[in-house]
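Please open the structure in your viewer and keep the selection tool at hand. The stops below follow one another, each with something to select.

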Amino acid sequence: MEGFAIVLYYSNMRGAAPAIRIYNLFGESGDLPDVVHCETIASRSVLHDWTLAVHRHARLHQVLLIERGGGEATLDGRVVPLKPMQIVNVPVGHVHGFRFMPDTQGWVLTIAAEILDEALLSVEGLRGALARSAVVRGTPQIRTTMKQIFAEHAARDFGRAHVLRALSSAMIGLVARALTSESGGNGTVESSLFRRFDALLEQHHLERWSVADYAEALAVTPTHLNRITRAATGDTASHLILNRLIREARRNLVYTNLPVSTIAYALGFEDPAYFSRVYAAATGVSPRAFRAQLHGDET
């Protein structure tokens, strides 16, 4: 598992030179500093001559809404034209890039994977819909919600974090609705199998199930399960299993005062030092250093 983690996130480590860069936000290496991140398309694109080379985000989900202008998006190798009132869904880990027309206007909403974990219930099936990169027609409701999120993000009113989480949850629900509407629904056998896998992952990730364990519970082969997860998310089942464990670790580091060793044992690691190595390989920073960055001191 440790070796796998190093391969998955090695491009976050100093000295790596991958063909596809992995960023948190484009050109940045720090963790997402807020509940969500909000910026206009122009604010970052103008710094890069309106072209953002192909890259991916290890722990972030993005939704873009084009207001005026356009261009083209590269989504996992597909080039898709962009027009006004279209939304772009970019799931965690998907390779994407953009070439915007100069002076294109619109919004970019970035949501941490941990926030999605809190908001998405496996039984509702939204995760499967949101797990594919796509460009679809937006709606007035999506535009209104996006503007509300940006207004709340810019303000510093009481209850801001709670309101941002609620609005972001509404946004991803509306995006999932738009995605399923344009694809004619999400009821194929493959989609159903992925939703079942996702539900099992939520139930058993703390038990450290392997790909074979999940495949057996779903009555398929590990090879077939990997085929399904790749079709749904562009990633292997083993990557998704590790990513879910890392997100759980991050959540514990952020929201509890538990010692790192206690978190390691709770996540099924027999050796806290091994847990720290896996976490550092996956995120580029040790658990203690990550917590220190959040709180400004060592824990």
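**The nonpolar core**

The largest nonpolar core has 32 residues, and the members that touch the most others are Val36, Leu109, Met146 and Ile149. Keep in mind while looking that this is a predicted model. To see where the core comes from, select strand 2 (36-40), strand 4 (60-68), strand 9, helix 3 (113-119), helix 4 (126-130), strand 10 (134-137), helix 5 (140-154) and helix 6 (160-182); each of these supplies at least two residues of the core. Helix 6 gives the largest share, nine residues.

Now select Ile149. Leaving aside residues up to four places away in sequence, Ile149 touches Val36, Cys38, Leu109, Leu164, Leu167, Ser168 and Met171. Two of these, Val36 and Leu109, were also named with Ile149 among the core members that touch the most others.

**Two loops**

Next, go to the loop between helix 2 (41-45) and strand 3 (51-57), and select Asp49 there. The phi of Asp49 is near 55 degrees, which is a positive value in a residue other than glycine. Is Asp49 buried or exposed? Its relative accessibility is 64%, so Asp49 counts as exposed, the cut-off for exposed being over 50%.

Then move to the loop between strand 8 (96-100) and strand 9 (105-112), where Asp103 is found. Asp103 is not a glycine, yet it has a positive phi of about 70 degrees. With a relative accessible area of 58%, Asp103 is exposed.

**Helix 10**

Select residues 237-255, which form helix 10. How far apart are the end C-alpha atoms of helix 10? They are 27 Å apart, and this agrees with the span of 27 Å that its 19 residues should have at 1.5 Å a residue. Of these 19 residues, 16 are buried, so helix 10 is largely enclosed by the rest of the structure.

Val254 has its place in helix 10. Val254 is partly exposed, with a relative accessible area of 31%.

**Helix 13**

For the last stop, select residues 287-295, helix 13, and find Ala292 in it. Ala292 counts as buried because its relative accessibility is 12%, and buried means under 20%. Select Leu253 as well: Ala292 and Leu253 are 39 residues apart in sequence, and their C-alpha atoms are 9.8 Å apart in space.

Note on methods. Residues numbered from 1 in each chain as written. Predicted model: local features only at pLDDT ≥ 70, side-chain atom pairs only at ≥ 80, totals over all residues. Heavy atoms only, no water. Helix = DSSP H or I, 4+ residues; strand = E, 2+ residues; numbered from the N terminus. Expected span 1.5 Å × (residues − 1). Buried < 20%, exposed > 50% of the residue type's maximum accessible area, 1.4 Å probe, protein only. Core = buried A, V, L, I, M, F, W, Y, C linked by side-chain atoms within 4.5 Å. Contact = heavy atoms within 4.5 Å.
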